[in-house]
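The stops below can be selected one after another.

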Amino acid sequence: MRSGLAARQRCWCLHRRPRLVLGPPKSRASRRTVSLPPAVVAVVREHLAAEVDDNPDALVFTTESGRPIWRGNLNKLIDWKAAVARIGQPQLHFHDLRHTGNTLAARTGASTRDLMARMGHDSFQAALIYQHATAEADRAIAQALHEAVRADRKKSKRSADGAGKTKDRPGRKSGDSKGKKQQAARDDRG
């Protein structure tokens with residue numbers, strides 16, 4: 001796990017009887033490489049150096065006795081209630097952290113396909129859960145469309161102005177004030 005923070009993906013899975021079995025992730029899409037932000041890599045490296053054996057089969061997170069963490073012992077092990085109370089979020093569930101991370105990833109503008117690969121989802125339906133429509137995103141879309149239209153109008157105007165300098169329209173004097181007013185009105189709209 002040391003070089004480049006690559007890891008062999010294995011997980012402890014609950015099967016029909018309440019027992020944990022070490023094995024591969026549950027779906028084909030779950031077998032993936034995920035890039036971590038540099039700030040997270042630094043924290044993971046510290047954790048690895050302080051807490052994880054050099055054995056390539058070592059688990060990254062365990063109980064103090066080295067046993068796997070599972071949902072039945074996680075809250076007690078990390079004192080989840082106290083941790084979320086300290087940050088003022090007493091209703092926060094552990095899985096909400098995954099939801100938050102995936103929502104933040106979706107806000108980067110990544111495509112749904114990229115998000116599916118990052119999250120380990122096989123279906124668009126699952127990935128779309130994290131792509132919340134927000135007023136902020138809607139305003140950003142509107143602004144981007146506005147900028148695209150303005151840029152196209154400026155480009156069109158430059159082309160028209162370049163062509164119009166050598167030729168005047170018939171029946172109109174060059175410098176006619178009515179033509180200038182009409183052009184000014186078009187410029188204000190764009």
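**Before you start.** This is a predicted model, in which local features need pLDDT of at least 70 and side-chain atom pairs count only at pLDDT 80 or more, while totals for chains, interfaces and linings use all residues. Residues are numbered from 1 along each chain as its sequence is written, and side-chain values use heavy atoms, with hydrogens and water left out.

**Whole chain.** Colour by secondary structure. The chain has eight helices and two strands, in the order β-β-α-α-α-α-α-α-α-α from the N terminus. Helices (H or I, at least four residues) and strands (E, at least two) are DSSP runs, numbered from the N terminus. Of the 190 residues, 16% are buried; buried means under 20% relative accessible area, exposed over 50%, and partly exposed in between (1.4 Å probe, protein chains only). The chain exposes about 15,300 Å², with 54% supplied by carbon and sulfur atoms; accessible areas come from the Shrake-Rupley method with a 1.4 Å probe, and for residues only the protein chains shown count as cover.

**The core.** Select A105, A106, L115, M116, M119, A127 and Y130, the seven residues of the largest nonpolar core. Such a core is a set of buried Ala, Val, Leu, Ile, Met, Phe, Trp, Tyr and Cys residues joined through side-chain atoms within 4.5 Å. Its largest share, three residues, comes from α5. Now pick M119: leaving out residues up to four places away in sequence, M119 touches R32, R98, N102, A127 and Y130. Contact means heavy atoms within 4.5 Å.

**H121.** Go to the loop between α5 (112-119) and α6 (124-128), where H121 is found. Is H121 buried or exposed? H121 counts as buried because its relative accessibility is 16%. The H121 side chain makes a polar contact with the side chain of R98 at 3.2 Å (a pair of N or O atoms within 3.5 Å; within protein, one must be able to donate a hydrogen and the other to accept it, and residues adjacent in sequence count only if both atoms are side-chain atoms). Beyond neighbours within four places in sequence, H121 is in contact with residues including A29, M116 and Y130.

**D79.** Move to the loop between α2 (71-78) and α3 (80-86) and select D79. Phi of D79 is near 50°, a positive value in a residue other than glycine. D79 is partly exposed, at 44% relative accessibility.

**L97.** Finish in helix α4 (residues 95-106) at L97, which is partly exposed with a relative accessible area of 43%.
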